[in-house]
Amino acid sequence: MDSFRAPENESLLSSSSGPARWDPFRRPLDSIQPWHFRLLAAVMLVVTSLSLAENLAVILVTFKFKQLRQPVNYVIVNLSVADFLVSLTGGTISFLTNLKGYFYMGYWACVLEGFAVTFFGIVALWSLALLAFERYIVICRPMGNTRLRGKHAALGIAFVWTFSFIWTIPPTMGWSSYTTSKIGTTCEPNWYSGAFTDHTYIIAFFTTCFIVPLSVILVSYGKLMRKLRKVRSNTQGRLGTTRKPERQVTRMVVVMIIAFLICWMPYAAFSILVTAYPSIELDPCLAAIPAFFSKTATVYNPIIYVFMNKQVLYALKVSLTSISI
């Protein structure tokens, strides 16, 4: 297999029996009106600007105030870093390509965007899984009074980045590929190929980078909810002494996970559909909606983190007050 193969729709081909094929690296798709691309560019400008500002604020505030440097916040900052990088790479490139109406930056920029958005998106999902597992350990205490410390959070974060890289680098080395989407202004894993090698990668990728972290989240919170229900009926149980801040953080993480899944579930469902039925005919605009909607997830997490965490909200207000003065 050619390690550096171009996407299937990359080259303009012509023959005596038919017109040239559409090349997303040279011109817009004829069936899409120019104002559609301008609308998408405007949406991406707003989403990218908000995401960069919000996530940068979370990162700076958390590192500025010592009281916020707790293991759970390390993981949340890691999530903000991943969201920030998704917007910096994928959001910026998507804004620029939609201004033109096609992926004028070329094949290698397409590979870069496809890899970056996939890589940082998986880092974000695994960070949420890590948060869910951390909440289970802290609240349910399956290991007795063992406390999670900074080194444990650091090891978890190192695992998240390493594992995500291992499963998102193969398409750049020949096992499947990153290619343009149906609309031609974004890039993603090659869901549309019917080749056996591409199918094996997609199956492995979905299992390790979506099903497994989602299972960690569901199992962790399933056990957590059962424990919390016991507390309501028996306040003398070992969870009866659970501190209010811990419960508040748990609720915050639950809301973050729900928001993330709402944003990414349509894209995941769409990807499964086109992988199972690569010959399916979909309107390019309709097919583009799940991918663009998933990018809005980078905006919600910082809002949830700030407004559901009184310490962070107070620290942010102090920082803004000092800047205005």
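Predicted model: local features only at pLDDT ≥ 70, side-chain atom pairs only at ≥ 80, totals over all residues.
**Ser51 and the helices around it**

Ser51 is found in helix H1, which covers residues 34-64. Is Ser51 buried or exposed? With a relative accessible area of 0%, Ser51 is buried, because that value falls under the 20% cut-off.

The surroundings of Ser51 can be listed by name. Leaving aside residues up to four places away in sequence, Ser51 touches Leu56, Asp83, Ser87, Thr298 and Val299. With one of these neighbours, Ser87, there is also a polar contact between the two side chains, at 2.6 Å.

An unreviewed UniProt entry places the feature "transmembrane region" at several stretches, among them residues 39-63, 75-96 and 286-307. Over residues 286-307, the chain is 91% helix and 0% strand, with the end C-alpha atoms 33 Å apart. Another stretch from the same record is residues 253-280; here the content is 86% helix and 0% strand, and 37 Å separates the end C-alpha atoms.

Attention can now turn to helix H3. How many residues does helix H3 have? There are 34, running from residue 107 to residue 140. From the first C-alpha to the last, H3 reaches 49 Å, close to the 50 Å expected at 1.5 Å a residue. H3 is also mostly covered, as 30 of its 34 residues are buried. Just after this helix comes Arg141, which takes a positive phi of about 50°.

Conventions: Residues numbered from 1 in each chain as written. Heavy atoms only, no water. UniProt positions renumbered as here; feature names shortened; annotations may be inferred. Helix = DSSP H or I, 4+ residues; strand = E, 2+ residues; numbered from the N terminus. Expected span 1.5 Å × (residues − 1). Buried < 20%, exposed > 50% of the residue type's maximum accessible area, 1.4 Å probe, protein only. Polar contact = N/O pair within 3.5 Å; in protein donor to acceptor, adjacent residues only side chain to side chain. Contact = heavy atoms within 4.5 Å.
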